[in-house]
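User: I'd like to go through this model by asking what sits behind the labels. Can you start with the terms as they come up?

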Amino acid sequence: MDIISAAANVVSLVSAAAPMARRGAIRREFQRCFEAALRRGLAVQNKDDRGSSASLVVAALPAGGAYQLLVSEDSPLVGAAQEAMWGPILAEHLSALNVLTDDVDIPQLARDTAGSLREEIERAARQPGNALFQLVVVAQLTSSSRTHNEPVRIGGVTNIWDLPLAPEPTARGESDEIESVLAESPVAVLSSGAGLGKSTLAWLAARRRADEGDPPLVWWMNASSRESLSASCDALLRALEIVPGNEALHQVRSLLSQHHRWFIVLDDVSDGDLVGAVIPSGAQPGSALATTRDRTLRSPGRMVSLGATDEVTMERIARSLLPSSAGTGQINAIVGACSGHPLVLATICRFVAATGVSTVELSEMLRTEPSTVLSETLGSHYPVSFAEVVARMLQSIDDVSSLQVVLAAAVGGGQQIPQSLLESALPLAASDIRKGMRRGSALGLIETGGSAVNCHAVVSDLILAALPDAASTVASRMLASIQAGASDSDGSELRQLAVIANAVSARVAEDAEGVVSTHLTLADALATRGLTLSAEEQIDVVKARLPEDASADLIGEVLVVEARVRLTGGDYATAIDVAEMGIRMGEDAQLIGVQAACLIVLAWCHENLGDRASALRNAEAAAVLVPDDQDVLALRARFGIPDRPSPEHVDGYLALAQDPAVGASLRALNFGLASRAATRLGQSGDAIAFARQALDLDRAQVSGRSVDIARDLNDLGMALLDAGELDEAETVLRESMGIYEGENPGHPMGVPPRINLGRLLVEKMSQSGAVDEAVLDEAMHLLEPALSVQQMQAPGSPDHAAVLVALADVLVFRDRERATRLLDEALQIDRTVYSDDHYEVGLDVLKLMSVDLLAGRPAEALRAFRIVRSALPEWEGAYPNIAVQLQCLQAEALIELGVLGGLPRIVRSLSQLAVDPRIPEALRPFVENAVTQIVSVIEDARMD
């Protein structure tokens, strides 16, 4: 039974059942009202000296005091006539007492005291527990002449002043929401777990109405059971001098349906039908507010779900309860430990005030022995401790399924636990789990919403402290289920599982290696999906939970997974350090698999940093260790392909992509590399086809999004961009960037799609024929952060050079000098990483020559051309599209300088390339037009 409502029933019944046996109490209450009124009268004249003068007057009155002096047995106790009579009586007697100073205006004091006395008696008489209630209010509600059929007149009746609540509860922001609901619905239902402030909010709503006297009837009922509600209805009927019958609930319902406005609070409702048993249905002039712990309660009203209390309110509560010496730091620490739970906060504040513990000691006690702190009671208004409330609710659970569901929610430590996880982790049928969810919610131990449950963090601590062994068993089952489902979960589900695992693993008493294994699985899966920050958090948990006597196998697994996570996150320096540590550890413990895995991580790190020789060397070392591992052998071959002649690259990657002995993920990677190689050769159709094959393979392996899918989307976007299919290219490139940067906007792997999107925007603008500043701004917004990432994570790498080139493409329209500097820097990086005959160096020279010519610097353009001149014959066969463009720019520079001797050779070369089948069809008209213009220049020179 709810403590507050049960006490209210007792007070109301007692006060209503003995109207004639309290004459002494009536006299005492009248005397109290008189003394209060006298103090108010003195205060008007600034003579109230903390009640000293009023006390002297009361003590000097004749025997029987103010009651004997002012009350006539045959007249009403209060009213305008009585007030008019009291004034002269008081003036006469106050003058005769000779206890007041000469500067007190006695006639004025008498009039003011008489008026205040009437107000004090009326205020007291509104409280059914007050001794004056029977003499004043009941006389106003009914008369001896009322017939059986005459309607009851309800007015000025309330029991809220008798509720054993804390004096002056802190105002809550949720009150506005409750009032808003009540304005639209005659019945509102306030739901939450134990101690979150339902009764306080209901009392605040009731008090406001009682203070205003509107509606005339404000009554509090305990609805924790049918018996309790019946007792509350009895109390109301007796207060109205109606004899309760066998069906008090029906009597009250009938009464409310017939009479004036009212406001009823139904506290601690256990069954939704109880609301309808008392509150009339349909339109009525009254309203009701019900409170319940059961969020699934069926009721005729609109539900207001009460969650954690906001920090500002919690701070106000703390300041009202703690000593004035409490500092802001201490208050913030205490509030932070309570997770928005007002009753927990009040309990902790009382404990701190009583014991003087420091915030550090308090934190440790809440972690290790929460019941010690939360066993403190709050006083007469809440005589049962929060720990005892939770213990009683736990003890009332009489079936195994409900207990296991509650424990599963509790080990989640305040997190939302999906019902699907409960079904996979607990040895229960789905119907039993749903039953357990309903039972736990009805008790207020857990909250249910949609297909998930959660348990307040502090309630969790108490439950786990009460049942540690059972909780550890449930936690182990949940971790095993999380580990098993990690690979099949998409990004959002996986992130949720990781948060749950963090809470659950702390509850497992033993099996530290099993806990570590679960977090490693999550870290690997999160990194695969591009959620590298969450993956790194899992690595931190692993390091914290790794036992001192962990096996070499487990330590090796930790190092391998961490190295992969750092690699996927673009933290190449840390990945290299961890991988090298793993190699050393693997050598010492003779763990060949650990060594090979770490060598592959090193190979990828060096590849991304532009050190191709080191990448190949590490891949070869891994292949020596595991000569039968087809994926490692394929990787070794993949790292060796760039050293072959360029025309062989596509075929080399395709051979690996089509090898059935190679794993699907590695085959997809090689299809993507074949797409890139085809793009460099100008074979856009093949490039698009290969990228789509890679995407299909990876999507068949992973549900949702992954970094492999993001890579494939970038490759496809790049191929579409070069083919001129800009709209689809933009779609897939933005999707790629979104995957990489979904959790980390500065993810280094998000740089390639940013580069390609920047190129795409410039291309779209160029096709429009007009400079668009908004487009240039967007391109800069994409590329400048990418440059910062590369300068920090991988300076001097091919991706660093690629960003510089893309940014220069934008700056050509705004700042050609800076564009030139960026292209010079990119050229130097690529010449360092590659040789001067490399495709990337050719692209850099092509871009630099274009800018130099736009800036009127033909000599500088030719100087750049000389870097790649010796590679031109090879490129005419390998990369004819680059060869064509370089020779056209060379011809333009020569013409501007007036050096025409080399033009005939360029014409011959371009004429041959124009009919070369390897030239893209879109490029042929450009070549033919260039030849025509150069020939025209030569002929004009001859004529001169």
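This is a predicted model: local features need pLDDT of at least 70, side-chain atom pairs count only at pLDDT 80 or more; totals for chains, interfaces and linings use all residues.

Analyst: Contact here means heavy atoms within 4.5 Å. Residues are numbered from 1 along each chain as its sequence is written, and side-chain values use heavy atoms, with hydrogens and water left out.

User: Which residues does Arg924 touch, not counting those up to four places away in sequence?

Analyst: By that contact rule, Arg924 touches Leu913, Ala914, Val915, Asp916, Pro917 and Ile919. Arg924 itself belongs to helix α46 (residues 924–943). Helices (H or I, at least four residues) and strands (E, at least two) are DSSP runs, numbered from the N terminus.

User: Why is Arg924 called buried?

Analyst: Buried means under 20% relative accessible area, exposed means over 50%, and partly exposed is in between (1.4 Å probe, protein chains only). Arg924 has a relative accessible area of 13%, so the buried label applies.

User: And what makes Ser441 buried?

Analyst: Its relative accessibility is 0%, so Ser441 counts as buried. You'll find Ser441 in helix α21 (residues 430–443). With neighbours within four places in sequence set aside, its contacts are Arg293, Asp294, Arg295, Thr296, Ile446 and Thr448.

User: How do you know that the buried residues of α3 are on the same side?

Analyst: Those residues are Ser53, Ala54, Val57 and Val58, in helix α3 (residues 52–60). They cover an arc of only 135 degrees around the axis, and that's why they are put on the same side of α3. The arc is that of the directions from the helix axis to the C-beta atoms.

User: What about Asp490: what makes it partly exposed?

Analyst: Asp490 has 26% relative accessibility, so it counts as partly exposed. It sits in the loop between α23 (468–485) and α24 (491–505). Its side chain reaches the backbone nitrogen of Glu493 at 3.0 Å. Away from its sequence neighbours within four places, Asp490 is in contact with Arg529, Ser703 and Gly704. Also, the C-alpha atoms of Asp490 and Arg705 are separated by 6.9 Å, though these residues are 215 apart along the chain.

User: How do you know that β2 pairs with β5?

Analyst: Two strands pair if DSSP finds at least two bridges between them. Five bridges join β2 to strand β5 (residues 287–292), and the two run parallel. In that pairing, Val189 stands opposite Ala290. β2 also pairs in the parallel sense with strand β6 (residues 302–305), over four bridges, and there Ala188 faces Arg302.

User: What makes both faces of β2 count as covered?

Analyst: Val187, Val189 and Ser191 on one side and Ala188 and Leu190 on the other are all buried. Overall, five of the five residues of strand β2 (residues 187–191) are buried.

User: Why is the Arg392 and Glu388 pair called a salt bridge?

Analyst: A salt bridge is a side-chain nitrogen of Lys or Arg within 4 Å of a carboxyl oxygen of Asp or Glu. The closest N and O atoms of Arg392 and Glu388 are 3.2 Å apart, and the pair passes. Both residues lie in helix α18 (residues 386–395), four residues apart, about one turn of the helix. Arg392, at 46% relative accessibility, counts as partly exposed, and Glu388, at 33%, does too.

User: What makes Asp777 and Arg814 a pair that ties parts together?

Analyst: Asp777 forms a salt bridge with Arg814, with the closest N and O atoms 2.6 Å apart. Asp777 lies in helix α38 and Arg814 in the loop between α39 (798–811) and α40 (816–833), so the pair ties together parts that are 37 residues apart in sequence.

User: Which residues are linked in a network of salt bridges?

Analyst: Asp727, Glu730, Arg734, Lys764 and Glu778 are. Within that group, the side chains of Glu778 and Arg734 meet at 2.7 Å, N to O. A search of the whole structure finds 36 salt bridges.

Conventions
A polar contact is a pair of N or O atoms within 3.5 Å; within protein, one must be able to donate a hydrogen and the other to accept it, and residues adjacent in sequence count only if both atoms are side-chain atoms.
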